[in-house]
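Dear colleague,

I am handing over the structure that I have been working through, and I would be glad if you kept it open while you read. My notes on it follow below.

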Amino acid sequence: MRAMMSCRTGSADRATVEQALAAMGWCPDHPDDSPYLRGRRAEIVAKLPETVRADLMMRDPVLITTFPNVWGLASFDRRGALLLCLFGDDLAALKDQCVHAVAAFPPTFEQVVADQRCEFDPHVEVRRFDGNALVARGAISSTRHIRFRRYVWSVRRRERVVLLALIGLCVLSTAAAFLLYLFFDGSDWAYVRGYLDRLSSAVQTATVIMAVNLIFEYRDWKGAKTIIEWST
């Protein structure tokens, strides 16, 4: 699969952008004329569709690697923009590297290029390596406007289900214990009421712990400032 995204680099020349790529640690530590790098790039380019290959190879792209087994090409065929094309067999790893790129490359670029910012275009696409079939589409957005309620409801969906189940179980056990106390006050039901009280207390504790963990994770997640919301 291949993920494609573009970043507006302004008036920075190619050599300066390559310095930013090197500062990210994306440039392999091999000589430019290394047979390994030439062979690796030729292998990647040979698998691309003809139209994509023509666009990427127009301006001698730079071979990069953002993560083990995730290679890419940095193309300079657009004026004032950098086109990143990442390749990988693991869709989850490829998505993670896209998020890493949009979050980490702009601040690194600003450190290398004084008084100049870069910004990614809002759309990311993941397509098949050897064709144009769309696998996933992403929209780059900021985390600053996302509140905790939306974070739990939309981003942490699995935790949302568990949290709702815990709350429901807590309500049911508390209500059952209260009804038993009102209508079945005999000593025969004392043990049942005791077990229900313990269950309710345990579920309440688990709910509070999970909610506190989500709050701290939300703070860390919001501190990332940039995310990609994926859809198929």
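Asp121 counts as buried at 15% relative accessibility, where buried means under 20% relative accessible area, exposed over 50% and partly exposed in between, with a 1.4 Å probe and protein chains only. The side chain of Asp121 meets that of Arg8 in a salt bridge, at 2.1 Å from N to O; by salt bridge I mean a side-chain nitrogen of Lys or Arg within 4 Å of a carboxyl oxygen of Asp or Glu. This pair links distant parts of the chain, 113 residues apart, with Arg8 in strand S1 (residues 2-8) and Asp121 in the loop between strand S5 (119-120) and strand S6 (123-127). Arg8, at 37% relative accessibility, is partly exposed.

Please bear in mind that this is a predicted model, in which local features need pLDDT of at least 70 and side-chain atom pairs count only at pLDDT 80 or more, whereas totals for chains, interfaces and linings use all residues. Residues are numbered from 1 along each chain as its sequence is written, and side-chain values use heavy atoms, with hydrogens and water left out.

A search of the whole structure finds 8 salt bridges, among them one between Arg127 and Glu125 at 3.1 Å, N to O, in which Glu125 is partly exposed at 29% relative accessibility. Another joins Glu159 to Arg156, with the closest N and O atoms 2.8 Å apart, and Arg156 is buried with a relative accessible area of 18%. Through shared partners, salt bridges also join Arg8, Glu119 and Asp121 into one network.

Helices (H or I, at least four residues) and strands (E, at least two) are DSSP runs, numbered from the N terminus. Strand S6 has a covered face, made up of Val124 and Val126, and an uncovered one with His123, Glu125 and Arg127. S6 pairs with S1 in the antiparallel sense over 3 bridges, pairing being assigned if DSSP finds at least two bridges between two strands, and Glu125 in S6 is the bridge partner of Met4. S6 is also joined by 5 bridges to strand S7 (residues 134-142), again antiparallel, and these two strands form a hairpin with 6 residues between them.

Helix H4 (residues 91-112) has 22 residues. The buried residues of H4 include Leu94, Cys98, Val102 and Phe109.

Key:
The expected span of a helix is 1.5 Å times one less than its number of residues.
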